[in-house]
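Notebook open, viewer open. I'm jotting down what I looked up, one stop at a time.

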Protein chains: 6
Amino acid sequence: MKKIVTIGEVMLRLSPPGNQRFFQTHSFDVEFGGSEANVGAALAFWGLHVSHLTAFPDNEIGWAASGQLRKNGIDTRFIPYLPGRMGVYYLEQGAMQRSSQVIYDRINSAFSNFDGKAYNWDEIFHGVSWFHWSGITPALSAKCAELTLCSLQEARKRGITVSGDLNYRSNLWRFGKEPHEVMPELMALTNVMIAGSRDFKQCLNEEFKSFTEVRNMAFDRFPHLEYIVKTDRISHSSSNNTISAMLFAKKRIHSSKSYELTHIVDRVGTGDAFAGGLIYGLLHFKPKEAIEFAMAAGAIKHSVPGDVLLCSLQEIQELASGEAVGKIKR
Amino acid sequence: MKKIVTIGEVMLRLSPPGNQRFFQTHSFDVEFGGSEANVGAALAFWGLHVSHLTAFPDNEIGWAASGQLRKNGIDTRFIPYLPGRMGVYYLEQGAMQRSSQVIYDRINSAFSNFDGKAYNWDEIFHGVSWFHWSGITPALSAKCAELTLCSLQEARKRGITVSGDLNYRSNLWRFGKEPHEVMPELMALTNVMIAGSRDFKQCLNEEFKSFTEVRNMAFDRFPHLEYIVKTDRISHSSSNNTISAMLFAKKRIHSSKSYELTHIVDRVGTGDAFAGGLIYGLLHFKPKEAIEFAMAAGAIKHSVPGDVLLCSLQEIQELASGEAVGKIKR
Amino acid sequence: MKKIVTIGEVMLRLSPPGNQRFFQTHSFDVEFGGSEANVGAALAFWGLHVSHLTAFPDNEIGWAASGQLRKNGIDTRFIPYLPGRMGVYYLEQGAMQRSSQVIYDRINSAFSNFDGKAYNWDEIFHGVSWFHWSGITPALSAKCAELTLCSLQEARKRGITVSGDLNYRSNLWRFGKEPHEVMPELMALTNVMIAGSRDFKQCLNEEFKSFTEVRNMAFDRFPHLEYIVKTDRISHSSSNNTISAMLFAKKRIHSSKSYELTHIVDRVGTGDAFAGGLIYGLLHFKPKEAIEFAMAAGAIKHSVPGDVLLCSLQEIQELASGEAVGKIKR
Amino acid sequence: MKKIVTIGEVMLRLSPPGNQRFFQTHSFDVEFGGSEANVGAALAFWGLHVSHLTAFPDNEIGWAASGQLRKNGIDTRFIPYLPGRMGVYYLEQGAMQRSSQVIYDRINSAFSNFDGKAYNWDEIFHGVSWFHWSGITPALSAKCAELTLCSLQEARKRGITVSGDLNYRSNLWRFGKEPHEVMPELMALTNVMIAGSRDFKQCLNEEFKSFTEVRNMAFDRFPHLEYIVKTDRISHSSSNNTISAMLFAKKRIHSSKSYELTHIVDRVGTGDAFAGGLIYGLLHFKPKEAIEFAMAAGAIKHSVPGDVLLCSLQEIQELASGEAVGKIKR
Amino acid sequence: MKKIVTIGEVMLRLSPPGNQRFFQTHSFDVEFGGSEANVGAALAFWGLHVSHLTAFPDNEIGWAASGQLRKNGIDTRFIPYLPGRMGVYYLEQGAMQRSSQVIYDRINSAFSNFDGKAYNWDEIFHGVSWFHWSGITPALSAKCAELTLCSLQEARKRGITVSGDLNYRSNLWRFGKEPHEVMPELMALTNVMIAGSRDFKQCLNEEFKSFTEVRNMAFDRFPHLEYIVKTDRISHSSSNNTISAMLFAKKRIHSSKSYELTHIVDRVGTGDAFAGGLIYGLLHFKPKEAIEFAMAAGAIKHSVPGDVLLCSLQEIQELASGEAVGKIKR
Amino acid sequence: MKKIVTIGEVMLRLSPPGNQRFFQTHSFDVEFGGSEANVGAALAFWGLHVSHLTAFPDNEIGWAASGQLRKNGIDTRFIPYLPGRMGVYYLEQGAMQRSSQVIYDRINSAFSNFDGKAYNWDEIFHGVSWFHWSGITPALSAKCAELTLCSLQEARKRGITVSGDLNYRSNLWRFGKEPHEVMPELMALTNVMIAGSRDFKQCLNEEFKSFTEVRNMAFDRFPHLEYIVKTDRISHSSSNNTISAMLFAKKRIHSSKSYELTHIVDRVGTGDAFAGGLIYGLLHFKPKEAIEFAMAAGAIKHSVPGDVLLCSLQEIQELASGEAVGKIKR
């Protein structure tokens, strides 16, 4: 069984049920999610051994978060329980022409104040094949930026394949550094980058004329880089998107099928499902099959409520190969 | 801050959750709504000062209704609490080819037995710019017809702009008068009429060959009339409509964009959101922008459960201008 | 009032609410359903007298099942309460590209161990016009196969019209006999067969080149056969199907309208609604109208949660005739 | 199987879930209940054949009410569906020192406007042993008072035993007659009266010094009277009552055990459960056992949410005999 | 109508439904509450005009909080919407021998960073009779301590009666000052103090041998002091408390009845209901009646879910006078 | 960290919400529980390493069960996923004088058909200190009886302390053997027995005059026996019990405090919480403290919904020592 490690914050997710607006709700559905742990959960559901690195507040909310990761098959043994608060994100699901809305309340969370000094990297990375990070973590705090760098260096030392979802978000990066002061060093330690033009532009603080230019630059500048992967999404409305993906190796490009995503149930975590599918695909399949598997995972996640994919290998593969879509399985 | 007054019945709305039928439900979602108060709530959400005129039974149900109006930002100070019952409407949400169904149980409500004698119009209309009524109120009872007329005369006296949503409903008008015995006098006191051909036909008991004929007749006959506004809706199914609107000034016509409304969440109150948007638009924008704003408000309401719009100015404007539709806002 | 009898197992249906997956749910919505009782419930809702033949465990779950049938208008007087368990089916509703999933847990149910000896056929069939069975029942157990045969012979004796929904399901038939050892004898006693090519192939263990061949064979081989009826469904996704139906008399073919079923609420029981519509139609209308009525019933069922149609005659007829689809009815 | 007929209004019951107040609720739990139908439902649950006489509005709410009665085992064949509205009662469950609160909205219901002319008494009372009415029905309207009298005369003609729960409620009797103008004639046709001192006083408009005086008067004045039954309840709080009952024959008195009812779940319908138990008891047991059975039924109803008892014969008998109270039954 | 002003933080309250633990919940019930706003809501429910002073984040959560205050009858016109976060408290309801548990997450809330400079005290205190504060506010931050002092000085200047609920909480006071450095100055401006021995001890950093000593000291040291009020609670379990209260004037002591509070529904906000009752009582009744009214309000709050009392004057008065406790009111 | 192994079936638990009866429910709350896994979950919550031995069906229901065990901190690595069904138990919570009711539907579950041959005992018992079984497992099937014996022999071989909860249930033992043919051999391998007189009587098929006789017999006959532990429960009603426990060593008896358990939330799993507390206590404390800890764990479980204790060490210890019961912890 392949071993994977992921790192990143896990937040309490609070959403009004159904299509309700924040203003009118009288209850919140409770989930726990975070980009990298969502990736880990997808992989654990498919039978890989996944450990997630994060930190939780030492209270019942933190314990519940940990329990939820375990339910999803993630090994939580390396997670410390610290003083501090749980990061929260409020999510209002959009519908039709109304957008989904996220209110972050994650400042000063136990994880963003955590320095990771207590981590025993030998133990953590023992027997591990793949390490996954995202651009959200270094954006949270100086400590988190440092922890990300440290984890990447430790992974690199041990020859572990590293994937990073650059995932630039303008409303983070409030701790005093700009992305381009932090990200290039992290990218240089990464083998598989999930990123579009905008992510490259923001992380490097440079302008590019085309994705071809981006691609050439990236393979030139980052010697460990094996694949760039990007998804293309057209949002017709909150309920209806079209999505496809491309995988760029140095010399070849592989495109996935395009999916018509009408009747979207939950848009959150679809990029993470895609990233999980990509890691699984690159570990088990050829690049073309990998990108198809990844895109099928990302597509079907739109039908599952919550942050996490929760779909079996068989379901992903059937969708990737176009079998029996939408029939009742008895 | 502009001051608005609206008048009309507010009912208890009881709906089976989700897509359930009346026959199978074991609970009702509770809302309070009424066409004119819905208009007021949209305007209050955008920061205007809105007072609503109605009457409630003097019991816990009536108090709760009043509390809900206040939550939505409406000033309830003029509402009397009287002996009598709360008007009720049972709403079963349609889906697909199955229609939504409304069962009214509003006869003998506290409001329909209310004569409005206690209203102090000087206090109510102090500093008010706009007054809104609908054709539902005069259809409820002789007292309500009289109250509507009285309120319009008081508004007219003070030079307040008056909008009326003619809103002919055949299952009302049970108190002994025909629409054409009541409505023309009310229309004559109105500056902005929301109405289609059928409304004009029923309210005037006349036949028209085209909307052009209607329009010419109306601007001729009603000297205060500034705008006629009508919406066009094609119901492909309960879940899928196409909608657009037109604003007719004496000399000019302005048309809104057309919206494809798939994945409809709640059809009720969409005309009221439109009317709210129209009033806001005519108070703040030019006619062309006003009808676009109104139609965007009406369109996005289809995504919000309940009777009331609950969307911010910014959301309406982004939709009207076609920005960022269906993206996640973080 | 026409009298109808239906026979078959009724199971406890357990579904995660909304779009949740089995893995993530914390509650199950409870329904009771079974193909033939669903047919009966549709007919009872339209005012016919329907008795259902089944058996329930003699415990609170069985009593509740019986209560639910009665609520739906079915006469439960012939149902025995026996030692044993309630058959269960777990249903996860699909959405978008994700399929619905059914886990059956019906082995050793009270019904599948029931031999029907206690039935007094004279009493049961007194005044009855129509008897309906499906291919699920003989697939459950040797006893059930025998009971089905016995019921058909008793109905035939009394000249009652018999309809059968062949409904071949590969995951049943575990009791030691193959369909072709059981079904032909049952088909020979049936006047109206609901079946597609695959059903005929599996039930007769023969290959056919076309449905025309099937049809010719069937009218040749089964002397009581009056109509074959089949539906055609294209599953674009779990949320979006296209459906239509055809009725084959010996000499004539009648086709229904085709329905675009977007925004599907509940796919289960749609074939049963169709069968109910067909029986009603053949009892009251000409064949062409019957197949239109049946298909409208089947189509509108997709909008109703649960196993049972719960739509009025008027709703079906309005849909069949294309009136007022998707408007709010007040 | 003994046949019973009951008569009376069935209302839609709307309650905030749990301990919520009307002012704060966002949903109502939906039940259907009415004193006499609740009595019937208790009896039907124990296997007797019970027909209930009432009238429902001819809409989905009325159909649902009828379905619920059928689920509870009641024969609804004699119920007409008429124009008009469904009577409603809003129920807020009390807790601790806070009282339960009922808001009635039953004026002008389909039943209170129903004259019963359509009833075929021969058919209704064919084979019937017992007829039950309550003092609520004649209090609703002149038509209902007349219908009650008519039903009692028809029952008397056929020698059917008649029980009446006098159940004086001061907030009814609004149609122009006083109880003492109506009730004595009804009481004179009744064999078993459930009533306390206050009921006798109000129904006869007379003062009594003691229940002994009441009893003597009653057996003197009402020749058909066989039993007077009264319950004594001490309300320590909404959550904690003490209750016991007495049965007075002409010459003997039988007292039941007293029950400490802490942790009350639903106080509504407990008198109806008692009345159901009394009828069952008098039909099957000696008076002493009957009053014990009745009181056990009334006591255990406090633990069941909704209007209806829903407890088996065995459960009642175990409680009456003090067996295994509060153990887990496996 | 008397005018009241209250000041203090309002938090989002998140509770697992029913008796669930944090570890097992999948949803949170949403309420908004804060000690002083709860006091205000009780008073507004009884018809007084109450304005609350606080600050909310300028996002949908803050708007919803404001809407909820308005629903409860509070005038929100003075509340600013500022950058920052909403304070949160997680509440797990205890049951039996298991304690209720509160996790505060209120650091850096919009209110605790608010300096109140923008307040126009002339406008705020225009026509106001009573001002209420609690010891929670000065414990939140240096800014909040200053704001409290400022508000008290402004109230004092205008001769407004001031009540303060000292409410010492050890887990607050983290901003660098000790209670005794802040509270004495606030107490000196207060007319009515709700406080027990422990509150006095902590706020003054002094030891007292008895409450008599406390009382003598307080009336000596604080010249504006008119009443000290304290409640005594015995917690038999989370579900069962005994409670009573005493009001100390300089020369007289008034004791309330004692209440047995079994079957507790929600313990939170009971002290605030008491304080609201006290203010109402002192404004309208004699001291003895005031303390009875206050204790009845505090007692009955234990039966109402949420932070807020939501009981009518009549309900409080009936409980205070011992009428009809626990009967169904129709 | 101590390592514990537990063995036994885990079932899907389906309960109507709140106080609803089976007959009236429309949903089931979903839990997973089984006596021995409940014991394990209590121990895992306190930080011990617990592996549970069972078998699940290889479908989504089985995977969800496994996920739930992991959430509760249990190591699920040894659990096989096999063809077959999930055992189910339907639980209706009692209230007041109404008993809780369990309907078992566990025959032919994946676990009861599992022979355990695949277990690698060396791996399972590596480093393990304590093994726990109950009398439910050998009662399920011949295979389960054999598996229990085998597991006990393997534990004994390795010197692991063994606890057994004899837990005689008359409605099990349907596979052809009597308890006394199976249990004595299992008891002989057990160090700590949780059992009352009835359990000994049924397991040994012998009569005893007193528990003293039982105790003498047991210590004589079972050489490995160190402690017998029994609880005494008085069921005043489903909502109100009194409970205490005794621990019998060969020469000494230790009694726990007695707890008044009013307002019971969930009676199920309280014996398992007690057993978990006992194991924890005997591993960490002296016998007297162990029995107090165990009884506190058992008592507080009555306040937690579901099968599992979910209370922290600190909560148990505070209850055992009588601190701060029923206060709000902030």
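I began with a glutamate in chain E. Glu154(E) has a relative accessibility of 15%, so I put it down as buried. The side chain of Glu154(E) meets that of Arg158(E) in a salt bridge, 2.8 Å from N to O. Arg158(E) comes out at 30% relative accessibility, so it goes down as partly exposed. A reminder to myself before going on: this is a predicted model.

How many salt bridges does the structure hold over all chains? I got 108. I looked up a few of them.

Asp75(B) has a relative accessible area of 13%, so it is buried.

**Chain C against chain B**

Next I went to the contact between chains C and B. I noted 26 residues from chain C and 27 residues from chain B. The two chains bury about 2400 Å² between them, and 58% of that is on carbon and sulfur atoms. Which residues of chain C lose the most area to chain B? They are His263(C), Ile328(C) and Arg330(C), together 29% of what that side buries.

For salt bridges between chain C and chain B, the count is one. Glu315(C) makes it with Arg21(B), and the closest N and O atoms are 2.6 Å apart. Polar contacts between chain C and chain B come to eleven residue pairs, both residues at pLDDT 80 or more.

I then asked which elements give two or more residues to the side of chain C that touches chain B. They are strand S15 (259-262), helix H10 (313-320) and strand S16 (328-329) of chain C. S15(C) gives the most, with four residues. By type, the residues of that side divide into 14 nonpolar, six polar and six charged.

**A sheet across chains**

I followed S16(C) into chain B. It pairs with strand S8 (residues 100-105) of chain B in the parallel sense, over two bridges. Ser100(B) stands opposite Ile328(C) there.

**Gln97(A)**

I looked at a loop glutamine next. Gln97(A) lies between strand S8 (88-92) and strand S9 (100-105) of chain A. Its relative accessibility is 13%, so I count Gln97(A) as buried. What does Gln97(A) touch, apart from residues up to four places away in sequence? I listed Ser237(A), Tyr259(B), Glu260(B), Leu261(B), Ile300(B), Leu319(B), Val325(B) and Gly326(B). A polar atom of the Gln97(A) side chain lies 2.9 Å from the backbone oxygen of Glu260(B).

**Helix H7 of chain C**

I checked which residues of helix H7 (residues 211-221) of chain C are buried, and they are Phe211(C), Val214(C), Arg215(C), Met217(C), Ala218(C) and Phe219(C). What covers them includes helix H6 (197-204), strand S12 (227-237), strand S13 (240-249) and strand S14 (253-255) of chain C.

**Leu310(F)**

My last stop was the loop between helix H9 (287-301) and helix H10 (313-320) of chain F, where Leu310(F) is found. At 6% relative accessibility, Leu310(F) is buried. Leaving aside neighbours within four places in sequence, I have Leu310(F) in contact with Arg21(E), Phe23(E), Gln24(E), Phe45(F), Asn72(F), Val304(F) and Glu315(F). I also noted that Leu310(F) and Ala44(F) are 266 residues apart in sequence and 9.6 Å apart in space, C-alpha to C-alpha.

Notes: Residues are numbered from 1 along each chain as its sequence is written. Chains are lettered from A and ligands numbered from 1 in the order in which they are written. This is a predicted model: local features need pLDDT of at least 70, side-chain atom pairs count only at pLDDT 80 or more; totals for chains, interfaces and linings use all residues. Side-chain values use heavy atoms; hydrogens and water are left out. Buried means under 20% relative accessible area, exposed over 50%, partly exposed in between (1.4 Å probe, protein chains only). A polar contact is a pair of N or O atoms within 3.5 Å; within protein, one must be able to donate a hydrogen and the other to accept it, and residues adjacent in sequence count only if both atoms are side-chain atoms. Contact means heavy atoms within 4.5 Å. Buried area is the accessible area (1.4 Å probe) that two parts lose on being put together, summed over both. A salt bridge is a side-chain nitrogen of Lys or Arg within 4 Å of a carboxyl oxygen of Asp or Glu. Ala, Val, Leu, Ile, Met, Phe, Trp, Tyr, Cys and Pro count as nonpolar, Asp, Glu, Lys and Arg as charged, and the others, Gly among them, as polar. Two strands pair if DSSP finds at least two bridges between them.
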